[in-house]
Every structure is written in C-alpha cells, then in structure tokens.
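Biologist: Please take a close look at one part of this model, the interface between its chains, and describe it in a connected way.

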Amino acid sequence: MKQLLLLITCLLTLFIGSCSKDQYEISDNLRLRYKDADMPIWVRGNAGSDRLVLFLHGGPGGCAMCLRTFFESAEEQLIMAYWDQRIAGSSGGTSHPDQLTYLQFADDLKQVILLLKKRYPNKRLYLLGHSFGVEMAWQFLTSGNNQNLVDGFIAMDGTYSTYEWLITSQKWIMNEALIQGDEEAYNYMNNLSLTQSNMSDLVDWGKWYEFIFRLGGNPVWPTDDAEYNLKLWFFSPHSAFSNSLNSSLYDNYYDKEIFTFDRKSLLSNINIPITIFWGEKDGIMPIEHAYQTSALLPGNPTPIIFKNSWHSPFHTENDLFTQELIKATQ
Amino acid sequence: MKNIKYRYLTVLLFFLANSAFAQSDTISKQWLHVGYFGENITHFGLSGGYGYSFWDSFKKRKNVHFHQLYVEGNFSFLIHPNNQAVFFLIPELGYRYTKNSNWYLQFTAGAGLLRTFYLAKTFEADEDGGFKGIPMAGKWSLGSSFSAGFGKSIIKQKDLFLFTQIRLINEHFYNQKTLLRPIFQLGLLKQI
C-alpha cells in the first residue's frame, strides 16, 4: 500500500510539474504555417527586456526548444525565441525533403523574423545561430536587404562555406590523428584531394564524422545527462518522437544541397554587428574557422573563445556563455 | 463419528471451493470502457469506447475459456502541454481470450483518423510578409493502431475489469513520414 501511495505521489508530481507555468513573464506559443510546414516558435523571457534573441538551432534537423534549459539564465534578462525549423524538432505539416534547401531555410527565417517583429514591434531583434543555424543565418543575411531586419548576429561554431569548412576540418583531423597516433584517420584524410568540384563525390559523411568523434572532436552531449533527458521527455513542449523522424529526410541535403553552400565572398557586405562565439576544443567546426570567419567580416571582430568547450559552449560553459550573450546584445 | 465429521467437512469445502470458482458459461457481447490514455504521465489524455463481440466460443474443461472476436469504437485524446492536443477516432477489430471470467488478454488492430490542434496562436504567412491568424489550427492525419492488453476482474459479479493496454499508433503523414506514437492505457471496462 505504501509503495502504491509513493507511486501515485510520484506520478502526480510529474503531472503537476508538466502543467506548471513558466518562471518568466513572457510565455507565448506561436506556430508559423508556411509552404507546407507548421513550425513552432516558443517565446519565453523577460517582458521588460527590449532585446529579443531568435535561436537558430543546428543539425540540420535538430531542435530549439529541446535546448531551452541552457538559455534559461539568459531569459532572466532577455526574451528568447525558440524556433523549430521545417522538418526539425516538433515541426509538423507536410513539408517535403526537396524543400530542405538553403534558399527555403532563409525564406523561412525571414517569415519567422517578420512574425516576431509584428508581435514584438518595439524589441531589438538578434539572431543567435549554432552550427547549421549559422549557415542559415549567413544565407539569410547575405541575401538582398535582409540584414536590415535584424540588429545583430551571434555566430557560434558554424560555417560560411561547406568547402572551406571541409578543408579546415580535414586539417584538424590530420593534425589530431598525428598527435593521437590514428594512422587510419591520417592516411584517409591525407589521400583526399578535395576541390570545390569534386567534394560531393569524395566526401563520405559517415567516415568523416567517425574520425571527428574518434579523435575527441565533441565528447560531450546534453543527452549524456539523465536530468536533461528527464526534462526533455516529461517537462518540455519538445516532441522527441517527431524529432527522431527527421534525420532520414536529409539524405538529399547531405548528398547535394550542402555542397552548394558558399557565402564567403558575400560576408564583406555585412554591416550589422557580428559577434563570433567558438568552443576552442571544437573538432566538428575547428577553432581555426572562427578566425577565418572573422577575417572575412568588416572590422574583423575578435572571436570570443570558450576555452573549455567543444561544439556547444552554451552547454559546457553556460555561465560564461550567458554573460557573453547578454553583452553581445547590449 | 470422526469419519462423518470429515465427510461433512470435505463436502462443505467442495461447495465452498466450487462456489468461489463458479463460472458462467456465457459472456457479455457488449461493453464500455473508459480510462487514462497518454504517451506518458505528462502527455496525458482520456479514452472511451464501445465494443461489440460478433463471434464467440467457449470451452469448459477444468476452466472456462472464452474466445471472442469483436469490433470496438474508440475516441481518445491526449495533450502535450505547450505543444498540441491530439484527438483519435479509431475503430478496431479485436481478439479477446477470457479465462474463467477472471482475466483476459486481447489484441487489436484498427485504422482511423487523427486530428491535431496546436496549443499555439497560429499564423499563415504569405510571400508578401502578411500573416493571417488561423483559429483552431492543426492538421488531419490517417492513423493505424495496434495494441495488446490485459484485464482483470475486480468485482464479484465479474463484469467490471481493470485493464491496461499498450498501443502503437502510426500517424500518416508527418513531414512525409509515419510518426509512431506509443500509448499507455489504464482504465475500467464494464460489460453491459
């Protein structure tokens, strides 16, 4: 009987927890229906803030709300908007994999920004891109007059060109392979002569990422933490079931679309404030790429380096990340 | 004298035992059920349904074994807070094996409709930067369902069962794929 009561108490606690209100003043659930996709945007944070930060998640096919736990401190001072991109996170609808193009992602981003500006007309709007989210942001910001729609961009561990990234990554893998005595990884990369025209034929993503992870390119993930998983499955609007479907829809993206991405020559046209965040130990998007990005931008902004981080500084150095994010939007 | 006492006692025990395990040779053809329906405790909902058995047979040996084929209409919903509410209308075909009217096992397969309502203010964007609010936004989907369940009689009359059921519902189409929803059910089934 005692065990039964304990079980009922635990279940009720979970139930009540799932219904509890958000801590901060803004809790606005939005959905954007656009070109077959129904994309959720959750806006959370301090209503008194004049700064709204739109988080562009990575992947592609990742999720935004699933990472909210790492931005909750920032919500005390900012308004955060978590947008699940098409065929990502909890996004639904009938979007087709053929729509997973940089053009479409940038088009979607524009609609999300316009919607947020309509609902929050007096707020300054910043983009915070992580990994693939950076690629999407560069695509958007370097198209037409789009950059005039936002007040700044924080680029975190992401690229402006697939080819440039692959070359940097190849060097990182060879260097780490030499240090760690991984002959197979070294020889594989050493024999690869990548050019912009042959990379789509030569790159084997499975092998590439196998080497990155084997050499410690990103040894920590939020999902390693049981508390994070519990929160994700029970107390978050994020839908892990639908998110798990997404990866299989990106075959065409990885076979073709990703190799078309190159905004290198357009970065010099950027005239809004750019802040570069980077994890120093990142092996997915090596630190050298932070400086390459900086060199292409007007004013060559000095990257903010997170010395104890790999690919996701918001996860591994959360306090410092929050401080820097608030600073970057001031 | 002693033997007579034992004989009475034996007869008495026989009757007691027999009444305790007495079985009906019939089983109800109709029932209603209601109960919890959710992906887990925090993605919660309710389900109700009506079942009708169109074929049954029983065998009486040591125990009474009932076999039934039935159709069932189920209406259910679940809420994923701050995300969506999903309504399910799924008719099913089922097989149930009941032993001694004490407990049963059942398996079902069905197909029906799902309707999602987003728990969010939904706006449709046009290419000119305009937005139109969509009340009651969501989406229709086709659904197929498979389940396995177990029920246990909880009153003397043996027409009220506590049941639990594990269900897999496929949502077609979700981003051009099939979304699999595992569902847990716990409820009461009343034979009528």
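Modeller: Since the model is a predicted one, what follows is computed from predicted coordinates. I begin with chain B on its own, where, among contacts between residues at least 6 apart in sequence, 56% join residues at least 24 apart. Chain B contains 1 helix and 10 strands, and along the sequence these follow the order α-β-β-β-β-β-β-β-β-β-β. Of its 192 residues, 45% count as buried.

Turning to the interface, 34 residues of chain B are in contact with 43 residues of chain A, and the area buried between the two chains is about 3,300 Å², with carbon and sulfur atoms giving 57% of that area. The polar side of the interface comprises 23 residue pairs in polar contact between chain B and chain A, counted where both residues have pLDDT 80 or more. On the chain B side, at least two residues each are supplied by strand 6 (121-125), strand 7 (131-134), strand 8 (138-153), strand 9 (160-174) and strand 10 (177-191). The residues with which chain B touches chain A divide into 15 nonpolar, 12 polar and 7 charged.

For context, a search of the whole structure finds 23 salt bridges over all chains. One of them joins the side chains of Lys35(A) and Asp107(A), at 2.9 Å from N to O; Lys35(A) lies in the loop between strand 1 and strand 2 (37-45) of chain A, and Asp107(A) in helix 2 (residues 102-119) of chain A, so that the pair links parts of the chain 72 residues apart. Lys35(A) itself is partly exposed, with a relative accessible area of 30%. Helix 2 of chain A also holds Asp108(A), 22 residues apart from Arg86(A), which lies in the loop between strand 4 (79-83) and strand 5 (92-93) of chain A. The side chains of Arg86(A) and Asp108(A) meet in a salt bridge of 2.6 Å, N to O, and both residues are buried.

Technical notes. Residues are numbered from 1 along each chain as its sequence is written. Chains are lettered from A and ligands numbered from 1 in the order in which they are written. This is a predicted model: local features need pLDDT of at least 70, side-chain atom pairs count only at pLDDT 80 or more; totals for chains, interfaces and linings use all residues. Side-chain values use heavy atoms; hydrogens and water are left out. Contact means heavy atoms within 4.5 Å. Buried area is the accessible area (1.4 Å probe) that two parts lose on being put together, summed over both. A polar contact is a pair of N or O atoms within 3.5 Å; within protein, one must be able to donate a hydrogen and the other to accept it, and residues adjacent in sequence count only if both atoms are side-chain atoms. Helices (H or I, at least four residues) and strands (E, at least two) are DSSP runs, numbered from the N terminus. Ala, Val, Leu, Ile, Met, Phe, Trp, Tyr, Cys and Pro count as nonpolar, Asp, Glu, Lys and Arg as charged, and the others, Gly among them, as polar. Buried means under 20% relative accessible area, exposed over 50%, partly exposed in between (1.4 Å probe, protein chains only). A salt bridge is a side-chain nitrogen of Lys or Arg within 4 Å of a carboxyl oxygen of Asp or Glu.
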